Amino acid sequence: MIYFIVTTCLFSNCSIRKTQYINAINKLKKVIEHLDIKNYKIIIIENNGKEDTFLNTLGCNNYYTKNNFIETKNKGIKELKDILDCIDKYNIKDNDFIVKMTGRYILKDNSEFMNVIKNIHNTEYDCVIKYGSYFKPVNYKINDCITGLIGMTCGYLKKIETPSEHECVEWKWAKITNLMDDKKIHMVDKLGIEICPGSNRYFSV
């Protein structure tokens, strides 16, 4: 099974964010349909605990947590807790494959990442990843990666350490790949997604 886990946070009544989520999640569904991906489930996570939201109208599974109220300024801590809680909630198996996507980001029609994911069960890959940061991506293995779109076997994802208050969660995702055989890591040249970290201005990675 492939689980597409889409992270969201409705921290305010923001029409821009609502539009971004609707556009991004609908595009994910269209890309999955176009690629004819089988045996999958889309789970939208929202971490403010408000279970009556527009997210329920998007035709996906919805999981609401209250992890946004964890006392930390590190958003990565909250997001990782959301994902690990979701794994428990849906009883996701260690050999299932998880695609984690930030809910405001929009896939491109010919996403290199998604073209790998469509055949993931016919490969031995434990991870599909873009190393480096979003402003300095690289084509080699380092202890940093882009987590706006990343894929990993659940058994490894569960081993990711919670970052400290001043650590980037991206470092922890990248670090766990050091436990994998390099032959089981697929490093994409381009993810094929439009991202807008910390702003509403999109650019491609």
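**Salt bridges**

Guide: At 28% relative accessibility, Lys141 is partly exposed, a class that lies between buried (under 20% relative accessible area) and exposed (over 50%), with a 1.4 Å probe and protein chains only. This is a predicted model, where local features need pLDDT of at least 70, side-chain atom pairs count only at pLDDT 80 or more, and totals for chains, interfaces and linings use all residues. Residues are numbered from 1 along each chain as its sequence is written, and side-chain values use heavy atoms, with hydrogens and water left out.

Visitor: Which side chain meets Lys141 in a salt bridge?

Guide: Side chains of opposite charge can pair when their charged atoms come close. A salt bridge here is a side-chain nitrogen of Lys or Arg within 4 Å of a carboxyl oxygen of Asp or Glu. At 2.8 Å, N to O, the partner of Lys141 is Asp182.

Visitor: How many residues apart in sequence are the parts that Asp182 and Lys141 tie together?

Guide: Asp182 lies in the loop between α5 (169–176) and β10 (185–187); helices (H or I, at least four residues) and strands (E, at least two) are DSSP runs, numbered from the N terminus. Lys141 is in the loop between β8 (136–137) and β9 (149–153), so the parts joined are apart by 41 residues.

Visitor: Is Lys172 buried or exposed?

Guide: Lys172 forms a salt bridge with Glu167 at 3.5 Å, N to O. Glu167 is partly exposed, at 26%. With a relative accessibility of 10%, Lys172 counts as buried.

Visitor: How many salt bridges does the count come to?

Guide: Another pair is Asp36 with Lys38, their closest N and O atoms 2.8 Å apart. By the rule, the count of salt bridges is 10.
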